[in-house]
Amino acid sequence: MSSQDTATVLIEIHAKDGQEKDARHALLHAIETSAKPGLISSTEYEDIDDSGAFYAIQVWEDMEAFHAHMEDASENGMNEAIQVLRVQPKTAVLRTIG
């Protein structure tokens, strides 16, 4: 599999005021506990200047694997996890430049 086949996805979430710890826990729990066929790697970050902002950069085998994961997540509890967020999670598909 070449890097051109993979999909790199940035996920951005913002916790409601007072829900920062819950949002952080929900993000880490979701990454650690659910099966994610096609997920190659995931690295999670928190914004040092905004205690309620969290990010994950994930590398998937391909976009189909990412879309299948998102469909499964929406059918299996993602709505409960996002109750601690200000807005819906934001995703961006990235590609290298240069």
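I started at H14, whose side chain makes a polar contact of 2.6 Å with the side chain of E12. For me a polar contact is a pair of N or O atoms within 3.5 Å; within protein, one must be able to donate a hydrogen and the other to accept it, and residues adjacent in sequence count only if both atoms are side-chain atoms.

Before going on, I noted that this is a predicted model, where local features need pLDDT of at least 70, side-chain atom pairs count only at pLDDT 80 or more, and totals for chains, interfaces and linings use all residues. Residues are numbered from 1 along each chain as its sequence is written, and side-chain values use heavy atoms, with hydrogens and water left out.

**More on H14**

I found H14 in strand β1. Is H14 buried or exposed? H14 counts as buried because its relative accessibility is 17%; buried means under 20% relative accessible area, exposed over 50%, partly exposed in between (1.4 Å probe, protein chains only). I then listed its contacts (heavy atoms within 4.5 Å). Leaving aside neighbours within four places in sequence, H14 touches D50, G52, A53, Y55, L85, R86 and V87.

**Strands**

Strands (E, at least two residues) and helices (H or I, at least four) are DSSP runs, numbered from the N terminus. Two strands pair if DSSP finds at least two bridges between them. I saw β1 (residues 7-14) pair with β3 (residues 50-60) in the antiparallel sense over eight bridges, and A7 has W60 as its bridge partner in β3. Strand β2 (residues 39-47) also runs antiparallel to β3, with eight bridges, and E44 stands opposite A56 there. Between β2 and β3 I found two residues, and the two strands form a hairpin.

**Helix α2**

Next I looked at α2 (residues 63-75), which has 13 residues. Which residues of α2 are buried? They are A65, F66, H69 and A73. These lie on the same side of α2, because they cover an arc of only 100 degrees around the axis, taken from the directions from the helix axis to the C-beta atoms. The face turned away carries exposed E64 and E75. At the N-terminal end I found D62 as a cap, with a side-chain oxygen 3.2 Å from the backbone nitrogen of E64.

**W60**

Last, I checked W60. Leaving aside neighbours within four places in sequence, W60 is in contact with residues including A7, L39, A65, F66 and H69.

Methods:
Expected span 1.5 Å × (residues − 1).
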